[in-house]
Amino acid sequence: LGRFFISLNRVAVIKPNFLLRSVARWLVVGIVLPCLTACGLQNPTFDTLLNVLPGGRDVSAGLNAGFTYLRVDLDSRSSVMALGSRRVVGEAPFEDVVEYWYNGQGEMLVLRNGRIHQVIGMAQEWRNNQSKPPRWNEVAATNFPNVWLRQLDRMPGYRFDATDQISTYRVEQPKNLPADVPAGAQWFADDVQSETRQAKPWRFTQRFAVLDQSVVYSEQCVSETICLKLRPLAKVDK
Amino acid sequence: MKCVAFSQCAIVPIVVAASLACGEAKSQNQPPTRAINQQQRLSHWLAQQSDSPQTYTLGLMWATPEELARQQAQYQLLLDDAEFSDSLKQSLKVLKPTGRVPHAAANAAWLEAYPRKDPLLQPGDTVQVPIKPISLRVMREDGEVCEVPHKPGAVAKDYVSACYHAMDAPWAWVVQADGRIQRVGLRLWNPSLQNEPAPGAWIWAPHVSAGMSDAASWRVARWLSNQGVSDRVDVRQFASFQRQIVPKHEVAGMLDMAGRYFEPRPTYNNWGIVGLMQTPTARTQEAGSFGLTVHRVWPYHTLNFMFQPLDWMEAGFRYTQILNRLYSENMPEWSHYQSYLDKSMDVKARLWRESDWAPQVAVGMRDVGGTGLLSSEYVVASKRTGRLDWSGGMAWGHMGGRADVSNPMSRFFGAKYDERQPADVGQGGKFSPGAWFKGRAAWFGGVEYQTPWNFSVKAEYDGNNYQREPLGNTLVQTTPMNWAVVYSPMRGMDIQAGVERGNTWSFGLTLYTDLANLYMPKLTAPKVPAVAEARLAQEPNWAQSARELEALTLWDVNHVYVGDDKLVLRARNTANPYPEDRLNKAMAVIHRDAPAQIEAIEVQHEVAGDVIAVENVNRTAWVASQTQPARTQQVVEPVPVAYSATPTAAMASKLEDKPIRHHLEPSIDLVQFTGGPDGYLYQLQANLTVALELPWNLKASATAKARVLDNYDTFIEGGNSKMPRVRTHLKDFLTTSRYTLGDMTLSKTNRLSENWYGTAYVGYFESMFGGVGSEVLYRQPGSRWAVGADYNQVRMRDFHQDLNFQDFKTTTGHVTAYWETPFEGIVTSLSVGQYLAGDRGATMSVTKKFNNGTALTAYATRTNVPADVYGEGSFDKGIALQIPFDAFLTSNSRSSAAWSWKPLLRDGGAILTRPVKLFEATSWLSPSVKSQSMAPASNENLAPDDHLERYQRKR
């Protein structure tokens, strides 16, 4: 054992410490620190750091050709959902357009004439929505608010047969339009009287920009913690 | 049969009265059960049904023959259950086995897009979509059933009250029509945020006097969850039933004092444990909780680290600065005029839980293993009334300093309990059971009101006497009443502000988290291939498949052998906290690429050049588990680990042999020290680790380190010791060189025989020592016991941590026994042997492993060194925390983050860090190797169908 240590010491004499320090410095500067930004070496800590750094992903990158997408903004996060199917229900002039939007996380958003009608798979769900909201042309045709009831089953909490009172009316186009919303759209608002899970009154306003009877932008709440900004994107060319 | 509410039916709204008129067979309105004749998805079946607003998909009954057989076996056990009365059994006889299998939201458009949630109906299955009920049912312990109309907003308590005016059940089990069970409190002392019972729910509410155990209630609730909507069976079939009118919907006031919409959340006190301000309560957090509390009330400034290793036990450690006293009164310059600093440990244990008449009771000790300056013992009881939580108790020592009560212990144990020895500020670190619960005592108590908003209000009666504070402090107290407000701006943070002693502001900040449920979605990990039922006809490029499999699992794949119908994959470096997750990822690649005829997959885990464990997977069953919901309620267990491998000597590997493998990993460490005269010291360190795996089971590894950032210019503690200075040269090791060789070792590990493993290693083991060493381990596959022995001859490294050594050399080694207990994931070890400084003794270690792999270890070492030679602290002890990176990073990792804390770094009981530890290297032999799994996300981030009730969340 003693001889082993001696031989190691001799090796150290041949390669003095400053060399070791220089090598270490080179390693740090040349490999470790660049990995903080990006490099081929995989390191979960750096991956996580890079993921949480501001900048975010461009949600429009990597969309598949031939699909139609809905941009969904929740707080400061953006994502997209793909259109699964679009159905027309009812008969003219009382027909409604029902759209089914999906993402890869097991979430589905059903929009009826651009309004959220059902939400399944998200942290807050709307099931069994039996309401019949006024159509946009009906609201546009009058100066008075159209008051209606929304009855649905809310999850979690099994809040079945919950009822919201909603007043829908026309509003002026906002001075600062949200990005990519055309200037010619007609704007509507909902004043919603609802309840939280703790049975506290919860009032909020929703906004819709409607162009050619289609909602091109909306701000709608599923619950007090999930308020979404929805904007259909143009179909991705093949 | 009785129908007590017949006369009342007339006064309820006509719709309700019409449907609830006594004697009406409601269940006759339910549509018939449909038999399935051909294989199809539930979404497909649903899409073919007429969409009626009257259908109630929450109560959809999908039944399978497999589940029916399982339930029939359970049914007989239920009817033979000795805890159930005959009348209850009569009612249960009405509720026959159904074969029901729970499923996710029965929405055709949604299920169609997510096949894993979409049941695959087989011929022989049945499906029934009920009509939406307008009522739900309450069942008592005598089997009586009460039918009561559903009312939006009503909770279980309202329905039970409607049926039984005297609220004689403290708990109820709400069984929803979709089978979800939630245990809810019905009294003021046990409120919780609860689901509303939906139409068609069952509520099981046994009378308290029935004395039925919780386990028996769970059996009944689980049985009710098989029944679908509660009106599926005509109520008249029950021997005893009644019908009631719409329940009163109790309206919570603005303050919601009764706690109708409320989830109790204990908060921390000044000293970091659950309590009010100065005083504790009998409440505890959930197992796995961790709280870091910084608090200041003149002249005390505390930094508290508190853990909840078990749901009945809270423990941790603390630094207390006494701001008007110096660290070193004799040499103030030496300590930079830093304030006096005290280190201490606390422990609190819940003795029993709260019930109707009994409060929750806990006993605890503050500053139990430190200098004793602030040492206190207490017994405390807590009783809740809605949002108000009342506490009261008796304290001895510092907390009971007012000493206005004679010690009740004296009556039982004699006059020796009348006197308490003064605090020992000598070497400290000793337990002093001789002083515990001695001397006069004082009452304390208080109340906490958890408001409906995000703050709580606390008021307490303090038992301390501030005229006799440690180190001669006398503090003016104008009132023993203290109060505070705790504001919670976000989950994981509490800010506390208040007034204590009637004249002194107090401020605190607590950061807390649930270590047992740390979760992070793997956003940056490679995507796992989607599982399809189709199989490949030809052989793939196995080298490409192996690379993809390695990227997903972080295994090192050695060989792939393909037989007639079996594929064997051999890999090493496969140990990780979540083996089932890794196996599923591997299977996703194997199933995608393996030829169609492959039906069995054997994954062989190689350690020390030999296969020590295997996992056998049936491909068809695995694909089914990934592409459709289970067809029974049987809990799906992880693939079991076996220990006999298929011989592969005659098979040709599909992969080229890789004699040398290398790993290169950069990392950054934050090294911190606090608690000494230097105050807080930190070092940000960049590392680069290179590992080489060579033939003959040789492994070489080296780590280069560089101090990137630190405040070592304030590092003054040079250390001193009466023993060989094996650890107290810390300053020299940390500050002499900015660039160091952290370790550089060569090791060889072998399986010596069936149950014996051996390793030998040489090199620079750690920052302070290097040399040669070896270890042998005896461990039987699947055994809870193992025994190992290690022997090392080492020499102290140069302070530069280059290739040189100093003159000091020593021999160290231990015989270690390991026991993986069957209790709550607790692993213990006892090591006996010689330590680095030549002292001899034993180290006892207890580790609590949580389900997500987080491990909390407490250890203590006693050696033959007297306390005065050992120095401050008297003996070595500490706490270590290990969290798998997988639990909180967005990519997968094989490694864990580790923190360790010891009150003092001394030379006695110092253990060498060895490059190979055979017990850890052979973790595949553990009987609980597959017991850990990634924690699920919190319910707030999960779809409602995926929510886990408290009893379902493993800890």
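**Cavities and the A–B interface in a predicted model**

User: How do the residues lining the second largest cavity divide into nonpolar, polar and charged?
Analyst: In this predicted model, the lining consists of A:R112, A:R115, A:I116, A:H117, A:N129, A:S131, A:P133, A:W148, A:R150, A:Q206, A:F208 and A:Q220. Among them, A:R112, A:R115 and A:R150 fall in the charged class, because Arg counts as charged. The division is four nonpolar, five polar and three charged.

User: Which element gives the most residues to the lining of the second largest cavity?
Analyst: This cavity holds about 70 Å³ of space. At least two lining residues come from each of β5, β7 and β10 (201-211) of chain A. The element that gives the most, with three residues, is β5(A).

User: How much space lies in the largest cavity?
Analyst: The search of the whole structure returns eight cavities of 30 Å³ or more. The largest is lined by chain B residues, including B:V155, B:K157, B:L186, B:R187 and B:R260. The space in this cavity is about 100 Å³.

User: How many of the residues lining the largest cavity are nonpolar, polar and charged?
Analyst: B:K157, B:R187 and B:R260 belong to this lining, and they are charged because Lys and Arg count in that class. B:G185 and B:G259 also line the cavity; Gly is counted as polar. The lining divides into five nonpolar, four polar and three charged.

User: How much area do chain A and chain B bury between them?
Analyst: The contact takes 54 residues from chain A and 66 residues from chain B. Carbon and sulfur atoms account for 65% of the buried area. Between them the two chains bury about 5000 Å².

User: Which element gives the most to the side of chain A that touches chain B?
Analyst: Twelve residue pairs are in polar contact across this interface. On the side of chain A, the elements that give two or more residues include α1 (2-14), α2 (17-32), α3 (44-52) and β8 (159-171). With nine residues, the element that gives the most is α2(A).

User: How many charged residues does the side of chain A that touches chain B have?
Analyst: By class, this side has 28 nonpolar and 15 polar residues. The number of charged residues is eleven.

Conventions: Residues are numbered from 1 along each chain as its sequence is written. Chains are lettered from A and ligands numbered from 1 in the order in which they are written. This is a predicted model: local features need pLDDT of at least 70, side-chain atom pairs count only at pLDDT 80 or more; totals for chains, interfaces and linings use all residues. Side-chain values use heavy atoms; hydrogens and water are left out. Contact means heavy atoms within 4.5 Å. Buried area is the accessible area (1.4 Å probe) that two parts lose on being put together, summed over both. A polar contact is a pair of N or O atoms within 3.5 Å; within protein, one must be able to donate a hydrogen and the other to accept it, and residues adjacent in sequence count only if both atoms are side-chain atoms. Helices (H or I, at least four residues) and strands (E, at least two) are DSSP runs, numbered from the N terminus. On a 1 Å grid over the protein atoms alone, a cavity is a set of points where a 1.4 Å probe fits but cannot get out, and a pocket is an open set with protein on both sides within 12 Å along at least five of seven lines; lining residues have an atom within 4 Å of a point. Grid points are joined across faces, edges and corners, and a volume is the space filled by probe spheres set on the points.
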